[in-house]
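Here's a quick briefing to read with the model open beside you.

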Amino acid sequence: AEYMGRNQFIEQPNKFLRVPPPPPVVPMRIAVVGPPKSGKTSLAQRFSAQYGMVRLSIGDAMRTYITNYPRSELTNSIKQYLKRGVTVPDELAIQALEVALLDIRCQTRGYILDGYPLTKEQVELLTARQITPMRIIELDIEDEQVYQRGSEDRRLPKLYPMHDSHKILCVKVIAYRKESTAVRKWYEEQHNNYNIIDGNMSKWSVWHASKTIASESVAKVQTYLDRTNKGQAACIHGLCVTQNELEARIGEFGHYCPVSLASGKLYDASHDIDMEFTAEFRGRYFKTAGPNELATFIDNASQFVAPMAPTRLPEPHLLPRRRCELEVKALFPLSIAFKGYCCVTYIDGESRYENIIPGKPELVVEYRNNLYYFGDENALQRFMEWPERYWDAKFHTNCPQYERH
């Protein structure tokens, strides 16, 4: 076998030397939060041992900074609060954390924040300093489970006194529940990177679920970096892109799908706030209508953007815009098209008399300086997607008398 393998290598060395390059190295950036006794530190320590990440609590960050920079102004400020036995302000603690994250291991292997952030103010301070974990993992357990675990821990021998009485645990749980909802909501709305794991599961199940979340996140970043480095389009879902960043780098089609537009369909994807079907190409972001359109765009993005795009997005004044009842009143004296009836139902119904349906006042679209009313939500959406098909509809039969109030 060795002799045959040697001969094959000698005959075709390139076949065995040209292996695909490894994926780019992506450091993990994770935060683990949860109520007391939920297993945050145990999970953080296992991530650190398994992947070589740096485990950091906010206390670790301050102690490391004080040790490494004993004469700095920040150290003196932190010590003033510690000597008085009061909590160090978040502004100072996060400055120490920012310096700790500059460590070479944090930059190359990644970090895991143990029990931080806990309040929305801390989240905003982290964001202001460009500290955004790729994934937030919350270990959720019931309050009774917290007290039970605390009671079991108090029976274990300790090297030094611990502030873990039942009363203190109650205070910590109440404080956590009070702030956790705002933190969860912020990360879900801004980055869609908040993951909740049932902390009542076995430690092996918790570890498997957490590892899966982290691995999938890293794989998405690796795929993104690999494709963008080659000049190809890549999906940005799960990369913590904010809505402000999206708006700042949105492509020439805005929130409309370029793949759908190529077939003559206007699909407004502005409702996709999770950016599940959004791709980056040549430094710009492009929204698509769904998984099939996203795959089509990623495979051949250059065919759908300038200069090779088969169809350009119409001018803003030629795009249909949905209007509410108050906006309709402010748009007076714009004329009501099709005498207030639903043109979509009529055209799709082969212009039959029984398909002449009055439009509803809450279903209105402004297009080409006219107001169009629709019988139901589906008809309105069809008009938004194919306005040129319906806007110039004419009655081919006698129209019933109908007055809009």
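Let's start with Glu327, which counts as partly exposed at 33% relative accessibility. Its salt-bridge partner is Arg323, with the closest N and O atoms 4.0 Å apart. Keep in mind that this is a predicted model.

**Salt bridges**
- A search of the whole structure turns up 17 salt bridges.
- Glu138 pairs up with Arg184, the closest N and O atoms being 3.2 Å apart. Glu138 sits in strand S4 (residues 135-140) and Arg184 in helix H10 (residues 166-190), so this pair ties together parts that are 46 residues apart in sequence.
- Both ends of that pair are tucked away: Glu138 is buried at 1% relative accessible area, and Arg184 is buried at 19%.
- Glu388 and Arg368 make a salt bridge too, with 2.9 Å between the closest N and O atoms. Here helix H18 (residues 387-390) supplies Glu388 and the loop between S11 and S12 supplies Arg368, so parts 20 residues apart in sequence are tied together.
- Glu388 is partly exposed at 47% relative accessibility, and Arg368 is partly exposed at 30%.

- S9 and S11 (residues 360-367) run antiparallel and are joined by 3 bridges; Arg323 stands opposite Val364 in S11.

- The Lys287 side chain does reach backbone oxygens: that of Asp272 at 3.1 Å, and that of Ala269 at 3.3 Å.
- Lys287 also touches other residues, including His255, Tyr256 and Phe277.
- Lys287 belongs to strand S8 (residues 284-287), part of an open antiparallel sheet of 3 strands ordered S6-S7-S8. S6 (234-235) and S8 are the edge strands, each pairing on one side only.
- Two strands here, S6 and S7 (residues 278-281), are joined by 2 bridges, and Ala234 stands opposite Glu280 in S7.
- Helix H14 (residues 291-299) lies across S6, S7 and S8, at about 10° to S7.

Key: Residues numbered from 1 in each chain as written. Predicted model: local features only at pLDDT ≥ 70, side-chain atom pairs only at ≥ 80, totals over all residues. Heavy atoms only, no water. Pairing = 2+ DSSP bridges. Helix = DSSP H or I, 4+ residues; strand = E, 2+ residues; numbered from the N terminus. Polar contact = N/O pair within 3.5 Å; in protein donor to acceptor, adjacent residues only side chain to side chain. Contact = heavy atoms within 4.5 Å. Axes fitted to C-alpha atoms, helices over the stretch in contact; angles between N-to-C directions. Salt bridge = Lys/Arg side-chain N within 4 Å of Asp/Glu carboxyl O. Buried < 20%, exposed > 50% of the residue type's maximum accessible area, 1.4 Å probe, protein only. Lists of a residue's contacts leave out its neighbours within four places in sequence.
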